[in-house]
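Visitor: Please take one part of this protein and look at it closely. I would like the surface first, then the surroundings.

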Amino acid sequence: MMRTLDIILIAVMLVAATVTYKIKHDAEKQVVEIKKIQRQIAFEKDTINLLKADWSLMTQPNRLQRLSDIYQSQLKLQPVDVTQIGLFDDIPMKQADDIEKLIGGSADLIASVDTMSTGSVAQTAPAGAVSNAAPLRVVVPGVRP
């Protein structure tokens, strides 16, 4: 009886050792893969920094001016003339839309709006009714009544 139990325990121990070895081996492979990816990332960062440095050298104004002078016949570049810059008053005014016409008092637009019935329009008093409301007085600064 003791032998059967010993054999089963030895088999379980061998299986556990095999599984542990496989997990360790897979983990080491993943660590190698991570280090490889980290080296690639570092290489790409170095490449980006190098390209930024190249870009700053390529876009230096002195260099661009020399190239512009050398290739003037092909590029036909000319300096900006002061008359090419416009004034604010030269920009055409925007066409008035419906709301601006309504605010400005366009009679046609007001007539079309007046036909709408809303709950905010006061009802007319029946004939013979007396109104206690005082007339509305508008005060405009600088204008005498």
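**A nonpolar surface patch**

Guide: Ile-70, Tyr-71, Leu-75 and Leu-77 form a nonpolar patch on the surface, with about 410 Å² of accessible area together. Accessible areas come from the Shrake-Rupley method with a 1.4 Å probe, and for residues only the protein chains shown count as cover. Patches are built from residues with over 30% relative accessible area and no salt bridge; like charges are joined within 9 Å, and nonpolar side chains (Val, Leu, Ile, Met, Phe, Trp, Tyr) within 5 Å.

This is a predicted model: local features need pLDDT of at least 70, side-chain atom pairs count only at pLDDT 80 or more, and totals for chains, interfaces and linings use all residues. Residues are numbered from 1 along each chain as its sequence is written, and side-chain values use heavy atoms, with hydrogens and water left out.

Start with Leu-77. It lies in the loop between helix 3 (72–75) and helix 4 (98–104). Helices are DSSP runs (H or I, at least four residues), numbered from the N terminus; strands are runs of E, at least two. Leu-77 has a relative accessible area of 45%, so it is partly exposed. The cut-offs are these: buried is under 20% relative accessible area, exposed is over 50%, and partly exposed is in between (1.4 Å probe, protein chains only).

Lys-76 is found in that loop too, between helix 3 and helix 4. Its phi is positive, about 55°, although Lys-76 is not a glycine. Its relative accessible area is 63%, so Lys-76 is exposed.

Now the salt bridges. The structure holds 2 of them. The term means a side-chain nitrogen of Lys or Arg within 4 Å of a carboxyl oxygen of Asp or Glu. Side chains of opposite charge can pair when their charged atoms come close.

Lys-22 pairs with Asp-26, with the closest N and O atoms 3.3 Å apart. These two residues are 4 apart in helix 1 (residues 2–58), so about one helical turn separates them. Lys-22 is exposed at 51% relative accessibility. Asp-26 is partly exposed at 30%.

Lys-24 pairs with Glu-28, and here the closest N and O atoms are 3.1 Å apart. Both lie in helix 1, 4 residues apart, about one turn of the helix. Glu-28 is partly exposed, at 42% relative accessible area.

Last, the whole protein. It has 5 helices and 0 strands. Of its 145 residues, 1% count as buried.
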